[in-house]
Amino acid sequence: NAAADRSATTGVGKIDAALLTSGGDGRDWAMTGFNYQEQRFSPLTQINADNVGQLGLAWYADMPDARGQEATPVVVDGKMFVTGPWSKVFAYDAATGQKLWDFDPKVNPEKGVQACCDVVNRGVAAWKGRLYVGTIDGRLIALDAATGKQDWSVQTTDNSKPYTITGVPRVVKGMVVIGNGGAEFGVRGYVTAYDAGTGAKKWRFYTVPNPTGAPDGEASDAAMAKVAPTWSKNGQWKQSGGGGTVWDSIVYDAELDQLYLGVGNGSPWNHGLRSEGQGDNLFLSSIVALKPDTGEYVWHYQETPGETWDFTATQPINLATLNIGGQQRRVLMQAPKNGFFYVVDRANGKLINAGQFIPGVNWATGYDPKTGRPIENPEARYYKTGKPFLAMPSAIAAHNWQPMSFNPKAGLAYIPAQIVGSAYLNPSSPLDQAKPLGFNVGQDLGNAMYPRDPAAVKQAIAGATGRLVAWDPVANKARWTVDYPTPWNGGTMTTAGNLVFQGTALGEFRAYAADTGKQLFSYPVGTGIMAGAATFMIGNEQYIAVLAGRGGALPLSIGYAIGKARDVPNVPHLLVFKLGGTVQLPNTQPQDSTPVNLPENKAAPQQVAQGQALFGRYCQVCHGASAGGGGVLPNLQRSATLGDPDTWKAILIDGMLKERGMVSFAKVLTPEQAQLIRLYVIDEAHWAQKNL
Ligand code: PQQ
């Protein structure tokens, strides 16, 4: 009986109660966000500000795929469950590290090219003896937690479209709720609730209207009828689906019995192209509250009306009760891509506070407290001015998916923030219109590369930095900050032991005092960390677990500005610490950065320019702007095939490496164009060797 409660047989039976409290004592880390409030705050105190310096490794495990490691471990009754790239699931004895089983959903590697930001996965949900995982190819799979065997699987997306899943399913009132991604390519976002026992569909909520104008026959119909006038009559959303993917945050509020969706950016990004520059385009870049039983709309708060910069509101949401102006307010908190930290009243969706958490935010100066709307800088709407807008923050985000935590004792939220600007510009060439392969974001991607100016590139590298921000949501300002020389540092986790844990892009796992930000611990892990940590107790011992390994949007796409992080090896590990742990990690070699012998540069400037535009359009989102490499996918400036036109063609046109996710680009490139890209990369590599 597929619907049977598996708790009796698996030892992870108490999980449904644990989701509310994580067992109350915090011995389990029952869901990726710790419990339904998703504060990632543990009440455990054995490891604390006085003794955290004694942490050492209890055990570690090698992870098989050197792509982004983004999952937070889930730990229940002594077993640890994590996911890795390609939606694989791994189970361990949490005290010893003994592998119990693994599960590979066998995603077709060619699907990887539709994952905008790496083939990542952020973790499982556990409930009544089952684990739930979303896959890159849009399946929601239920596993028996004891054996890792598949119980049921449903296809939650139309696989003829570029939908993907990277986010964590959430189990709410006997249902599993899952969203999807794909708004960089052209999809229409939605979430679906399935019966947790059987996988039968319960309801679906679309986040943007149906381009055909017809009702969907789904829970969102009434809401969509209301928001349809916020979209233009024509505009590219009619073809692209409009976006609004819910690719990360979905949070259940057990106090108010509401479900909050963090809704993503528009598709294409460019509001001028998407919606003829008209309308707020609800529910893009919004937090939407639903009734979990039916999926009916309750309220919404839109953070970025008329979204046009890829400003998602998908980032982690923390629930809390705060004393604001002498009143206890049930709030949600979010630090989304756009650089403002929001405190929103959960009862009605009204804005309480919005404050800039990184310096230099220039698309808006602040929020009108009456309307809850941003006060915009008119220059930011590049499609209106016709001029490029050099924006802070950018699509890569002031804060991306890296988990944020909230410590109710310190009254602080810990934002893994970053300071990375970039330019937005209307497309100048038909090349940048929608294509069967590649991004469809309404930007001048063909020209979006680093200038051939060493000083400018060095400035871009120095200017892209990271910052841990301890934000006081009541005072609406930072209490303390820690700066990092590179962006894309790890998610945060905080404890009643007055600690905040965070990994860094340069390969350290650190702990700070939660109240003051004083650094108390640093451990060299030899590889960059992006994921958030979990903590749990087995017997008399508290453990801290974190995945290490680089990947995700920024290392794939940013090119040179990844800076020193590119030299850090990418050797993925699951790391588990305890007080007095003595296990040693094997030494890793730094990435080889000695100059390679490049083929002679014989290209004419015209060929280089053509190759550069094609590279910008089709290659840079995975191989980095200006082929600058990010230490995840092959650094093409060092590729042994640069001097070998036949192998180059076999890879780009014939799909020789499709089993590794490098698909054939024959749909969009002629063999001659493929060679122009090769000539451009050779030219760029010569320039970089000489100038950087
Ligand atoms: N994913 C990452 C990552 O895992 O590093 C970073 C991003 C995504 C983004 O910056 C995105 O904008 C983004 N957008 C979508 C989307 O629009 O559907 C999906 C995803 C994803 O599923 O990973 C990301």
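In what order do the 5 strands of the open sheet run, and what is the pairing?

1. **The open sheet.** The order is β1-β33-β34-β35-β36, and the pairing is mixed. Strands here are DSSP runs of E with at least two residues, helices are DSSP runs of H or I with at least four, and both are numbered from the N terminus. Two strands pair if DSSP finds at least two bridges between them. The edge strands are β1 (41-42) and β36 (519-524), each pairing on one side only. β1 runs parallel to strand β33 (residues 492-495), joined by 2 bridges. Phenylalanine 41 has threonine 494 in β33 as its bridge partner.

2. **Basis of the model.** This is a predicted model, in which local features need pLDDT of at least 70, side-chain atom pairs count only at pLDDT 80 or more, and totals for chains, interfaces and linings use all residues. Residues are numbered from 1 along each chain as its sequence is written, and side-chain values use heavy atoms, with hydrogens and water left out.

3. **Strand β31.** 7 of the 8 residues of β31 (residues 465-472) are buried, so the strand is largely enclosed by the rest of the structure. Buried means under 20% relative accessible area, exposed over 50%, and partly exposed in between (1.4 Å probe, protein chains only). β31 has antiparallel pairing with strand β29 (residues 412-419) through 7 bridges. There, isoleucine 419 is the bridge partner of threonine 465. β31 also pairs with strand β32 (residues 477-484), again antiparallel, over 7 bridges. Valine 469 stands opposite threonine 481 in β32. The hairpin of β31 and β32 has 4 residues between the strands, and asparagine 476 takes a positive phi near 60°.

4. **Strand β21.** This strand (residues 317-324) is mostly covered, with 6 of its 8 residues buried. 8 bridges join β21 to strand β22 (residues 327-334), and the two run antiparallel. Asparagine 323 has glutamine 328 in β22 as its bridge partner. The hairpin has 2 residues between the strands, and glycine 325 takes a positive phi near 60°.

5. **Aromatic pairs.** There are 35 aromatic pairs in the structure. Rings of Phe, Tyr and Trp (its six-membered ring) pair if their centres lie within 6.5 Å; planes under 30 degrees apart count as stacked, over 60 as edge-to-face and the rest as tilted. Tryptophan 480 and tyrosine 512 form a tilted pair, 6.2 Å centre to centre with 45° between the planes. Tryptophan 480 lies in β32 and tyrosine 512 in strand β35 (residues 508-513), so the pair ties together parts that are 32 residues apart in sequence. Both tryptophan 480 and tyrosine 512 are buried. Elsewhere, Tyr301, Trp309, Phe311, Phe340, Tyr342, Trp363 and Tyr367 form one aromatic cluster.

6. **The ligand.** Which residues are the closest to the ligand? They are Glu70, Thr166, Gly182, Thr245 and Lys337, among 20 residues that surround the ligand. A residue is near a molecule if one of its heavy atoms lies within 4 Å of it. An N or O atom in the side chain of arginine 122 is 3.0 Å from an oxygen atom of the ligand. For glycine 182, a backbone N or O atom lies 2.7 Å from a ligand oxygen atom. A polar side-chain atom of asparagine 265 is 3.2 Å from an oxygen atom of the ligand.

7. **Helix α11.** In α11 (residues 645-652), Trp648, Ala650, Ile651 and Leu652 are buried.

Conventions. Polar contact = N/O pair within 3.5 Å; in protein donor to acceptor, adjacent residues only side chain to side chain.
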